[in-house]
Amino acid sequence: MPAGTLYRGREGMWSWVAHRVTGVLIFFFLFVHVLDTALVRVSPEAYDDVVATYKTPLVALLEYGLVAAILFHALNGLRVIAVDFWSKGTRYQKQMLWTVMGIWIVLMAGALYPVLGHAVREVFGS
Amino acid sequence: MSETTTSTVGPVEGESLYDVDHPAPVIEAPRARTKKTPKSTRTNFELYGWLFMRLSGIVLVVLVLGHLLIQLVLDGGVSKIGFAFVAGRWASPFWQTWDLLMLWLAMLHGANGLRTVINDYAERPNTRFWLKNLLYTATVFTVLLGTLVIFTFDPNIR
């Protein structure tokens, strides 16, 4: 196999890959989430039992991952719209991706305490 | 090239066989539509799908990020969620509408996204057919279940 024929992609391709992966993950969670919410039609106890698992430290970590996926998909989705509809969108697609990642890091830092604070207190005691 | 004569035949080929009184036979265009041509099945579905992803995406950014803020960040985060919290929010038509719109847009947005992914990676026609069947069945089921739950929610179930 000749060397150097594999296209390893640039910002555009990797953001496209990340958009797909996060989209599929969010969609699968959405199925589960509608099903667990439907338990309010069964009984308050059934619903509260399942929601209790959402409050465990391990699932809190998954929630932080869910927030990460949703924030990236939302911000990068706005970038995709800008690329499609803004006349200079393609020219600034890289700058827009770095803007997306900057906002993403800030929001993820902001979500750290609200989403994971209770899990940290439970694991390490307070 | 630009002779004064309108004849299609050059002088070396001799006299033209056709003139105004003896016109040349009409040659059918290769792809001309006839009575036997099947009716076109092409639509603008993919265009509307593409547009829907962008329009619903903008609305979902507001609806979903607002939802995350309320459920996971404000007022104690996930710890406060329970049947009583749901009952309190769904007492208001505003939050019922919010959740209903979010359910429908998110499910259709996600289903169309996964349809694209299936079309891209499932190469065998049979696999595509069954994967998309499964996707559409699960989507219809989930949308209807969620809608039913929002409309029939009873805070005094017990």
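Here is a short chat about the predicted model shown above.

Q: Starting with chain B, how many helices and strands are there?
A: Chain B has four helices and zero strands, and read along the sequence its pattern is α-α-α-α.

Q: And what does chain B span along its principal axes?
A: The C-alpha trace of chain B spans about 100 × 35 × 30 Å along those axes. Its radius of gyration is 31 Å, whereas a compact globule of 158 residues would have one near 15 Å.

Q: What share of chain B counts as buried?
A: Of the 158 residues of chain B, 13% count as buried.

Q: Which residues of H1(A) are buried, and what do they pack against?
A: The buried ones are A:Ser15, A:Thr22, A:Gly23, A:Ile26, A:Phe27, A:Leu30 and A:Thr37. They pack against helices H3 (57-85) and H4 (93-124) of chain A, together with helices H3 (93-121) and H4 (125-152) of chain B.

Q: What about the largest nonpolar core, which residues have the most contacts inside it?
A: That core has 21 residues, and those with the most contacts inside it are A:Val67, A:Ile70, A:Leu71, B:Val64 and B:Ala106. Two or more residues each come from H1, H3 and H4 of chain A and from H1 (45-73) and H3 of chain B, with the largest share, seven residues, coming from H3(A).

Q: What is A:Ile70 in contact with?
A: Leaving aside neighbours within four places in sequence, A:Ile70 is in contact with A:Ile26, B:Val64 and B:Leu68.

Methods: Residues are numbered from 1 along each chain as its sequence is written. Chains are lettered from A and ligands numbered from 1 in the order in which they are written. This is a predicted model: local features need pLDDT of at least 70, side-chain atom pairs count only at pLDDT 80 or more; totals for chains, interfaces and linings use all residues. A residue is buried if 20 or more other C-beta atoms lie within 10 Å of its own, exposed if 12 or fewer, and partly exposed in between; C-beta atoms are placed from the backbone. Two residues are in contact if their C-beta atoms, placed from the backbone, lie within 7 Å. A nonpolar core is a set of buried Ala, Val, Leu, Ile, Met, Phe, Trp, Tyr and Cys residues joined through C-beta atoms within 7 Å. The radius of gyration is taken over C-alpha atoms; the globule rule is 2.2 Å times the number of residues to the power 0.38.
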